[in-house]
Amino acid sequence: MDQERQGKAPEVPETAKQGAEAQGQKLPDLSWVEAGVWTERMVSALVNGVKGGCWYSLIDKVYAPKTLALAWEKVRINRGAAGVDGQSIERFEARSGDYLAELPESLKAGQYQPLAIRRAEIPKGDGSMRPLGIPAVKDRIVQTAVKLVIEPVFEVLFHPSSYGFRPGRSCKDALREVDLLIKGGYRYAVDADLKGYFDSIPHGRLMERVRARIGDGRVLDLLEGWLKQDIMDGLEQWTPTEGTPQGGVISPLLANVYLHPLDEFMASHGYRMVRYADDFVVLCQSREEAEAALALIRAWVAENGLSLHPDKTHIGNCWKKGGGFSFPGYSFEGKRRHVRKKSLDKLKDKIRAKTKRTRGESLEQVIASLNPVLKGWFEYFKHAHHLVFKRFDGLVRRRLRALLRKQEKRPGFGRCLADQMRWTNAFFADAGLFALHTAWQEARCSR
């Protein structure tokens with residue numbers, strides 16, 4: 001059985017390995033590349049390069065039925081809300097055979113036209129709202145198909161300091177790198193915040209960077225069409241002149257393409273930058289070095305049509321209290337990694353919502369609902385200072401004691417000693433409650 005049927009990534013051919021090694025290049029990790037889309041010959045070209053560095057004749061890979069079927073499967077698994085046409089994943093799935101038969105033909109004939117993007121807003125931690133663009137299911141499938149085809153072309157170029165929305169890389173990897181740098185003496189941090197990055201990427205400059213690697217005009221037309229998709233917010237409709245909507249499948253890749261030159265620019269000046277999407281920090285060994293780094297960032301950002309948030313960009317000494325910085329979910333301060341206040345507040349809200357005293361469910365049902373939240377939160381924040389786990393364990397047990405009192409028609413908040421003696425920590429452990437501090441202790445012992 002060949003690799004494509006097995007669903008495995010195509011291996012890098014031996015000739016390609018030898019060619020890369022002869023040039024002193026490190027072989028890229030291509031284990032994530034979809035074998036149903038990328039052949040061994042294409043993978044070999046990824047390693048050794050193509051003439052002029054630009055890839056042509058890619059549209060046939062996009063509209064290949066197997067590519068679109070794979071793209072649909074990924075969209076189906078990710079779920080998501082309906083677009084402007086109101087078509088949900090479930091409604092599309094009911095006629096997926098018909099739709100997936102039509103898509104290759106419309107793409108091949110050049111008749112495919114994306115629908116407008118439905119705009120929605122979600123609350124941010126600071127009280128403001130984050131705009132999201134929700135494409136129709138059909139458009140999400142085509143965007144995913146294009147991403148499957150062009151992502152490897154850019155991935156082999158991307159700098160190792162970039163971690164966000166990249167195959168085989170995660171936020172945890174970025175946090176680990178930050179940790180190592182701080183422990184290695186890089187105490188001064190340039191914490192830079194790009195103001196409204198996804199909404200302000202210049203279309204013209206972005207497409208120039210895409211064209212440097214993609215020469216297939218039909219694929220380029222698809223990308224430009226998505227950048228210029230109308231946006232609908234209620235009864236309002238407009239055509240954007242800049243930016244790529246958060247919520248689009250292709251948007252994170254395009255956002256990384258635009259910031260890739262910044263990664264290379266800072267590395268060429270000898271700076272240790274760690275970037276996760278549009279959130280990045282530069283770690284330095286002296287304040288003077290950090291100030292010089294910030295000056296370079298300001299110049300690059302201005303030259304590339306972006307802007308830094310004046311209130312959220314600063315230099316600090318993360319070895320001192322009050323001089324740290326935030327990086328996805330965590331706060332680095334006083335040589336320690338703490339959970340960011342916004343992340344703490346989010347968990348508190350989730351715990352309160354699931355442990356209301358008026359909830360008419362048994363303790364077992366409440367714990368079954370609560371445990372996945374606690375386990376998921378711990379998996380990400382298990383490297384934080386251990387005192388936070390004790391604090392939240394106490395909060396959860398108090399809320400559960402109050403709930404048990406309410407079920408007995410007794411008022412109170414579960415704080416008294418009698419309640420603690422009756423419903424002990426061991427009682428909740430026996431009931432199956434996930435304890436954060438216990439999990440931290442077990443994880444610490446297993447290292």
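The charged end of Arg209 sits over the ring of Tyr258, 4.0 Å from the ring centre. A charge counts as over a ring if NZ of Lys or CZ of Arg is within 6 Å of the ring centre and within 35 degrees of the ring normal. The model is predicted: local features need pLDDT of at least 70, side-chain atom pairs count only at pLDDT 80 or more, and totals for chains, interfaces and linings use all residues. Residues are numbered from 1 along each chain as its sequence is written, and side-chain values use heavy atoms, with hydrogens and water left out.

Rings of Phe, Tyr and Trp (its six-membered ring) pair if their centres lie within 6.5 Å; planes under 30 degrees apart are stacked, over 60 edge-to-face, and the rest tilted. Tyr330 lies in strand S10 (residues 330–333) and Phe381 in helix H16 (residues 363–381), so the pair ties together parts 51 residues apart in sequence. Helices (H or I, at least four residues) and strands (E, at least two) are DSSP runs, numbered from the N terminus. Both Tyr330 and Phe381 are buried. Buried means under 20% relative accessible area, exposed over 50%, and partly exposed in between (1.4 Å probe, protein chains only).

Phe378 and Phe389 form an edge-to-face pair, 5.5 Å centre to centre with 65° between the planes. Phe378 belongs to H16 and Phe389 to helix H17 (residues 387–407). Both residues are buried. One aromatic cluster includes Tyr330, Phe378, Phe381 and Phe389, with Trp377 also among its members.

Helix H14 (residues 287–303) has 17 residues. At 1.5 Å a residue they should span 24 Å, and the end C-alpha atoms are 24 Å apart, which agrees. The expected span is 1.5 Å times one less than the number of residues. Ala290, Ala293, Leu294, Ile297, Trp300 and Val301 are buried in H14. Seen down the axis, the buried residues fall within an arc of 130°, so they line one face of the helix. The arc is taken from the directions from the helix axis to the C-beta atoms. The face turned away carries the exposed residues Glu288, Ala302 and Glu303.

The search for disulfides (cysteine sulfur atoms within 2.5 Å) finds 0 in the whole structure. For Cys318, the nearest cysteine sulfur, that of Cys284, is 10 Å away.
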